[in-house]
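Student: Could you walk me through this one before I set anything up? I'd like to go over the ligand surroundings and then the packing.

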Amino acid sequence: MTTNVGIDKIGFYAPNYYVDMTDLAEARHEDPNKYLIGIGQNRQAVIPPTQDVVTMAANAADSILTPEDKEKISLVLFGTESGIDNSKSAAVYLMNLIGVNNQAKAVELKQACFGATAGIDLAKNYLMNHPDEKALVIGADVARYGIKTPGEVTQGGGAVVMLLSQNPRILVLDTHDAHLTRDIMDFWRPNYRTEALVDGKYSEQVYLDFFTDTFHRYLTKTGFKMGDFEALIFHLPFTKMGVKALRTVLPEADERQQEVLKANFDDSRVYAREVGNLYTGSLYLSLLSLLETGKLSAGDRVGLFSYGSGAEGEFYSGVLVPNYQDQLNKIQRLDELNNRTKLSVQDYETMFMDQLPTDGSDRILDLAGDHATFVLAGLKDQQRQYRKQT
Ligand code: CAA
């Protein structure tokens, strides 16, 4: 049932700034419990102009890759729906910045929040035939709906980077998946816009329909039962969305199993509550959160639901490998999230509006407030100026 391919390493980066959801609720004349409980978010990452999907991915990759990994990577698949160029892929910029050998293939994948899962699917099949090689799969995004829109509370951003290989040290992937594609308009972003358009309630309903469809077809296809899953985790545009999805299948579990699934789901949303929506990286932030804050054991099976508006959904699963904990960064992660700089709502709005010029003019950015290793220093001659800071 399992392949011998899966996730060997996983890294995460979110920018250093956040806005608090209680402050945002008060500024929007909403009851804070709507945001904290009804939406399920505590804080939201705010992305400074000195970070974009390339720098965030580079900062995440830098935290996990060794020089040997960079020599063995032969495939770089960059999932994003907030790319920085309509032609050149973010994967090529990334490879150069972090120093991956230049014989690797590098492409960008787009299908809303499904892009990184598409990367995992492609890397899985590729690695089965390339036993000594490694693949880098990235989910990096900036989630923008706009100030004072209903979607504002579900913004966020960051990057998750995963190294896939044979004989992985974290999660070995099961053989099958169940997939669904339908051409619908629940969430989209025309080329001329920097903020997404969304039919919010409809998008929630479609997400739930796609989950129940793919989950049940997956059980039929594999013969797995509800009791075979120690955890079910989800793409989390906001963490209440996962609560709603889990509720649809909990009645199919016995009482003990219900408690296990609920507790493990809560562990999977600890990080998303702090940073908000990562779009493509969101499901994999749930995985990281489950592994780093939870209590799973080797041999436990985790079910993953990926959803990308427009829309594609996929359910698949994997099994934890002995000593998977050795590959993680349990203690430091929450400290890092807690040590970010809090912005007032006014400062968040100013940073949100501070976009790079779109008319081709130059702009030099002030790097003083951004201590990340990889930063965007500005635009010059219509080219992004990336820097590595020491
Ligand atoms: N205390 C506790 N709960 C409260 C409350 C209070 N004082 N006041 C309200 N609530 C609850 C509501 O009852 C509601 O709960 P349910 O959803 O369980 O009914 C919840 O808080 C939200 O309240 P509203 O429905 O009134 O919120 P809203 O109309 O402002 O919109 C939203 C919510 C539709 C999610 C909106 O934020 C939005 O459009 N977000 C973007 C779209 C999105 O994320 N869709 C998800 C699926 S699409 C996807 O997954 C792809 C992707 O990444 C975008």
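This is a predicted model: local features need pLDDT of at least 70, side-chain atom pairs count only at pLDDT 80 or more; totals for chains, interfaces and linings use all residues.

Student: OK, ligand. Which residues come nearest?

Tutor: The ligand has 27 residues around it, and those that come nearest are Asn33, Lys34, Gly38, Gly200 and Pro237.

Student: How do the shell residues divide by class?

Tutor: In the shell around the ligand, 13 residues are nonpolar, nine are polar and five are charged.

Student: Staying with α7, at what angle does it cross α8?

Tutor: The axis of α7 and that of α8, the helix of residues 239–249, cross at roughly 40 degrees and come within 10 Å of each other.

Student: Left-handed or right-handed?

Tutor: The crossing of α7 and α8 is right-handed.

Student: Which residues meet there?

Tutor: From α7 the contact takes in Glu204, Tyr207, Leu208, Phe211, Thr212 and Phe215, and on the α8 side these meet Met241, Lys244, Ala245, Thr248 and Val249. By class, the contact of α7 with α8 comprises seven nonpolar, two polar and two charged residues.

Student: Now the other pair, α9 and α11: how far apart are their axes?

Tutor: The axes of α9 (residues 255–268) and α11 (residues 282–293) are 7 Å apart, and the two helices pack at an angle of about 110 degrees. Since 65 to 115 degrees counts as roughly perpendicular, that is how α9 stands to α11.

Student: What does that contact consist of?

Tutor: Asn264, Asp267 and Ser268 of α9 meet Ser286, Ser289, Leu290 and Thr293 of α11, and this contact divides into one nonpolar, five polar and one charged residues.

Student: Switching to the sheet, what's the strand order?

Tutor: The order is β15-β16-β17, three strands in an open sheet with antiparallel pairing. Its edge strands are β15 (363–364) and β17 (383–388), each of which pairs on one side only.

Student: How many bridges join β15 to β16?

Tutor: Two bridges join β15 to β16, the strand of residues 374–380, and Ile364 has Gly378 in β16 as its bridge partner.

Student: And which helix packs on the sheet?

Tutor: Helix α3, residues 53–62, packs on the sheet and touches β16 and β17, with its direction making about 155 degrees with that of β16.

Methods: Residues are numbered from 1 along each chain as its sequence is written. A residue is near a molecule or strand if its C-beta atom, placed from the backbone, lies within 6 Å of it. Ala, Val, Leu, Ile, Met, Phe, Trp, Tyr, Cys and Pro count as nonpolar, Asp, Glu, Lys and Arg as charged, and the others, Gly among them, as polar. Axes are lines fitted to C-alpha atoms, for helices over the stretch in contact, and angles run from 0 to 180 degrees between N-to-C directions. Helices (H or I, at least four residues) and strands (E, at least two) are DSSP runs, numbered from the N terminus. A crossing is left-handed if the near helix is turned anticlockwise from the far one by less than a right angle, and right-handed if clockwise. Two residues are in contact if their C-beta atoms, placed from the backbone, lie within 7 Å. Two strands pair if DSSP finds at least two bridges between them. Angles under 35 degrees count as roughly parallel, over 145 as roughly antiparallel, 65 to 115 as roughly perpendicular and the rest as oblique.
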